[in-house]
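This report looks at charged side chains and at the surroundings of a ligand. Please view the sequence and the structure before reading on.

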Amino acid sequence: MSQEFKLTTVEQMEADQARLRETAAQVGIDTWQDRVKNQTPHCGFGEKGVCCRICAMGPCRITPKAPKGICGATADAIAGRNYLRMAAGGAATHSDHGRECAWKLYDASEDGYYHVTDASKLLKLAKEWGVKTDGRDIYDVAHEVAELAINEYGKPTGYQRWTERATEERRKTWEKEDIMPRAVDREVVTAMHMTHMGNTADAEALVRQSLRCGLSDGWGGSMTGTEMSDIMYGTPMPHDTEGNLGVMEMDQVNIVCHGHDPAVSEMIIRFAEDPEMLKLAKKVGAKGINVVGLCCTGNEMMMRHKIKMAGNFLQQEAVILTGVCDAIVVDVQCIFPNIGPVAECFHTKFYTTSPIARIPLSEYLPITSQNAGEVAKKIVKEAIENFPNREPGKIFIPEHKHIANVGYSCEGIKSRLDTVTNSRIDEIDTYKPLIECVKSGVLRGAVAMVGCNNPKVRPDYSHIEIMKKLLANDIVIVATGCAAQAASKAGLLDKRAKQFCGEGLRRVCTLADIPPVLHMGSCVDISRMMLLVTGIAKDWGIDTTQLPVVGCAPEWMSEKAVSIANYVVATGIDTYLGIDPLVGGSPQMMQLITEGTKKMVGAGYIINTNPDGLVESIIEGIEAKRKALGI
Ligand code: SF4
Ligand code: MSK
């Protein structure tokens, strides 16, 4: 059986996309590939980070002949401000998602639409935060924990509560460097204030605030999003599902959920299982209702349920081009405004559900804690009624899909590690078996592969080729976001993919019964990765900066990725980027983000837009960490 297992190549995925673009041409609609051509070459000033439009004396652009803006701002000041504004945009976005999750928990009730599913995770958090639990109704506990989480966002004094989970050494470093994150709202406002015309022009101060703002996300807003979601929708544990466009079904009603916040998709899943809805689907000639996911909403769904994943960021138009998308429902973030015009060329119904993401040509049905079930039921019903409206001449479903073994939350990873311990002599619920493998060299280290797709590089190619090379070198991968979905599409989340690993990693995969790439969730779930490295560092008795573990975002594109990169670096993890961080016009900024942060927090960026070069430097970086540890 395992001999027959083959990965799907990027060429095969591109052939699917090309075939779907024929349909786009047939119906007269553009896709991202057309728009990339129209936008190339990009504005050189923007690419180098030296265009400033912060005040109306500008826009000012830095050139050799005009080395300062009208106010006197240099390339370093302008690129630094632009960089901090990106980090603040990303921190705000993740964190507001987290805040919405906390509000859903605050509104949760036994007879409402949102419930407590993982009571033990809630009780653990309540204990951590000093919330009384004895003899109390679980929903009273949930509401008090949720209120504390919400109040974290704007508390006037003190630091983020979640940072107490970090290692002693990290907390000391953050305090010493004056980057310990305060309330999320405070850090984002500080960033906007600092970058207003006439304020900070010192690049180092701008980089420090980027780190602090990022930390308020990774050890604040994002962690809130992950923890609240786990409490309400369940903590992911390992299970099988499937990924890629081949999961769209010809004979079923297909409902695609896209975005990030699982509050909407959880309701769609629930009502798609309603016997009344299934009966209605049969009545219109469908064999069932196939709810599938895109982007990080897809990750949230596939991590907790057997829901299949239709694709990552650059497949959002393709999924409609299959001609069998009966409804696409979006919540927030990473949604192309072009979904509306594409859906209009097909029978597809397009619903927006959040005041945060209002998009032309959609039907706007805002979802709240009070109406979530009714709205979800309406959407599912309308999707079913839309099934007979498909146009056969516009249908093409690519066949590629793979089994994906997903659900590797920290709890999920520990549950697999416990299976390789001897319960009579070993401790359970620790990362010690993993640490032993790394110390002995069976595993060389680990890479956290994260981030989006970006047409500046060949989509998915960097993710997949870098992963394959790392696996062959006995480096285990944890992945989130569109990187995890690239792995899923290629087949790297199938346990049989261990055949592409070096001998050591292959043995570990067999013993622990895991795939070589562990899917840890959505982009807010990079907070899980922070807890994973912290847990490993604590169990090992060393600091996170010493671990042979690095981050890699080979195809990143969003402001959220800038925030993530900042908190990953601030947590002491070197981060390898395959896309330029838009500060190349400032030598000082380049120096600060690659070398300067190493002096502050012990880690920095390594930038290489060539995936072959990038993976080589990752392997070198991991081996250097091993050498420093004497292993
Ligand atoms: Fe130009 Fe300075 Fe205004 Fe920026 S803040 S647009 S550099 S004058
Ligand atoms: S969805 S932020 S394209 S990972 Fe989280 Fe993918 Fe990047 Fe969006």
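Is R304 buried or exposed?

## A pair in helix 12

This is a predicted model. R304 has a relative accessible area of 12%, and because buried means under 20%, R304 counts as buried. Its partner in a salt bridge is E300, at 2.7 Å from N to O. E300 is buried too, with a relative accessible area of 2%. Both residues belong to helix 12, where they sit four residues apart, about one turn of the helix.

## A pair in helix 15

K378 and E382 also form a salt bridge, at 2.7 Å from N to O. They lie four residues apart in helix 15, which covers residues 372-386. K378 is partly exposed, at 33% relative accessibility, whereas E382 is buried at 17%.

## A network of salt bridges

The structure holds 47 salt bridges. Some of them link K121, D230, E300, R304, E411, D525 and R528 in a network. D525 is buried, with a relative accessible area of 1%, and R528 is buried at 3%.

## Around ligand 2

Which residues are closest to ligand 2? They are H260, C296, C334, C482 and C523, out of 13 residues that surround the ligand. The shell consists of eight nonpolar residues, four polar ones and one charged one.

Helix 12 (295-304) supplies at least two residues of this shell, and so does helix 19 (481-490). Helix 12 is also the helix that holds R304 and E300.

Technical notes: Residues are numbered from 1 along each chain as its sequence is written. Chains are lettered from A and ligands numbered from 1 in the order in which they are written. This is a predicted model: local features need pLDDT of at least 70, side-chain atom pairs count only at pLDDT 80 or more; totals for chains, interfaces and linings use all residues. Side-chain values use heavy atoms; hydrogens and water are left out. A residue is near a molecule or strand if one of its heavy atoms lies within 4 Å of it. Ala, Val, Leu, Ile, Met, Phe, Trp, Tyr, Cys and Pro count as nonpolar, Asp, Glu, Lys and Arg as charged, and the others, Gly among them, as polar. A salt bridge is a side-chain nitrogen of Lys or Arg within 4 Å of a carboxyl oxygen of Asp or Glu. Buried means under 20% relative accessible area, exposed over 50%, partly exposed in between (1.4 Å probe, protein chains only).
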